[in-house]
Amino acid sequence: MRLILGSGSPRRRDLLAQIGVVADDTRPPEIDETPAKAELPRPYCARMARQKAWAVAAEDDDIVLCADTTVALGRRILGKPQDIGEAAQFLLALSGRRHRVITAVAVRRGARIWERDVVTTVQMKRLSDEELNAYLATNDWQGKAGGYAIQGPAGALIPWIQGSFTAVVGLPLAETANLLRAAGYPLWKDIP
């Protein structure tokens with residue numbers, strides 16, 4: 001049995017390492033991440049994780065772990081900004097407001113799949129022009145849903161969350177551990 005991480009995210013690898021899990025292989029799947037017309041954020045996020053899990057090539061006994069993180073402002077999905085202008089738009093929309101960060105996890109073994117999604121409410125402080133421009137200048141917004149990563153410099157812009165911090169980073173550890181165990185992964189076996 002091998003564990004295949006269907007993600008190129010170093011944050012997800014780091015989070016897994018916190019619970020003693022090291023993937024045997026990393027295979028980021030190539031899928032179309034375009035939301036369907038009128039698709040809501042939570043079902044969209046779950047669909048992305050599921051499609052990623054099915055898209056990763058694996059043997060029948062391999063365990064494939066995939067996840068997707070989406071930032072939702074009401075019914076609006078804020079994906080990864082295409083450029084600094086879109087990052088600024090996202091951050092200005094989030095400024096001073098609560099929003100939801102949804103992370104869906106899908107674990108596949110053979111033809112069976114286990115899924116879970118976690119919704120965390122996040123409050124971003126009202127951003128001054130100086131804070132916005134300084135954050136954008138870090139380039140930390142690149143490749144991040146909603147244009148920010150709570151574990152980086154943007155952590156100074158987030159005074160409050162309700163829910164799972166690790167889900168906001170990109171992989172809810174408690175739920176992921178349960179899914180891996182359900183799929184037969186020997187979690188906790190090698191930890192002293």
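Predicted model: local features only at pLDDT ≥ 70, side-chain atom pairs only at ≥ 80, totals over all residues.
A polar contact is a pair of N or O atoms within 3.5 Å, of which, within protein, one must be able to donate a hydrogen and the other to accept it. Helix H1 itself spans residues 10–18, and Gly 20, which has a positive phi near 75°, follows the helix.

An α-helix has 3.6 residues a turn, so residues three or four places apart point the same way. The face of H1 turned away from the buried side carries Asp 14 and Gln 18, which are exposed. The cover over the buried residues of H1 includes two strands, E1 (3–5) and E3 (63–73), together with two helices, H5 (165–169) and H6 (173–182).

Charged side chains were then considered. Side chains of opposite charge can pair when their charged atoms come close. The model contains 9 salt bridges. One of them joins Arg 2 to Asp 62, with the closest N and O atoms 2.7 Å apart. Arg 2 belongs to the segment before E1, and Asp 62 to the loop between helix H2 (41–55) and E3; the pair therefore ties together parts that are 60 residues apart in sequence. Arg 2 is partly exposed, with a relative accessible area of 32%, whereas Asp 62 is buried, at 5% relative accessibility.

A salt bridge is also formed by the side chains of Arg 47 and Glu 39, with an N to O distance of 2.8 Å. Both Arg 47 and Glu 39 are buried. In a further salt bridge, Asp 61 pairs with Arg 109, the closest N and O atoms being 2.5 Å apart. Because Asp 61 lies in the loop between H2 and E3 and Arg 109 in strand E5 (residues 98–109), this pair ties together parts that are 48 residues apart in sequence. Asp 61 is partly exposed, at 40% relative accessibility, and Arg 109 is likewise partly exposed, at 21%.

The largest nonpolar core has 45 residues. Val 21, Leu 91, Val 107, Met 124, Tyr 148 and Leu 180 have the most contacts inside this core. Helix H3 (residues 84–94) supplies the largest share of the core, 6 residues. Leaving aside neighbours within four places in sequence, the contacts of Val 107 include Ile 63, Val 64 and Leu 65, as well as Trp 114, Leu 179 and Leu 180. A second, separate core comprises 12 residues, among them Ile 4, Cys 45, Ala 46 and Val 64.

Finally, the surroundings of Asp 140 were examined. Asp 140 lies in the loop between helix H4 (129–138) and strand E7 (160–162). With a relative accessible area of 17%, Asp 140 counts as buried, because buried means under 20%. The side chain of Asp 140 makes a polar contact with the side chain of Tyr 135, at 3.2 Å. Apart from neighbours within four places in sequence, Asp 140 is in contact with Tyr 135, Ala 149, Gly 152 and Pro 153.

Notes. Residues numbered from 1 in each chain as written. Heavy atoms only, no water. Buried < 20%, exposed > 50% of the residue type's maximum accessible area, 1.4 Å probe, protein only. Helix = DSSP H or I, 4+ residues; strand = E, 2+ residues; numbered from the N terminus. Contact = heavy atoms within 4.5 Å. Salt bridge = Lys/Arg side-chain N within 4 Å of Asp/Glu carboxyl O. Core = buried A, V, L, I, M, F, W, Y, C linked by side-chain atoms within 4.5 Å.
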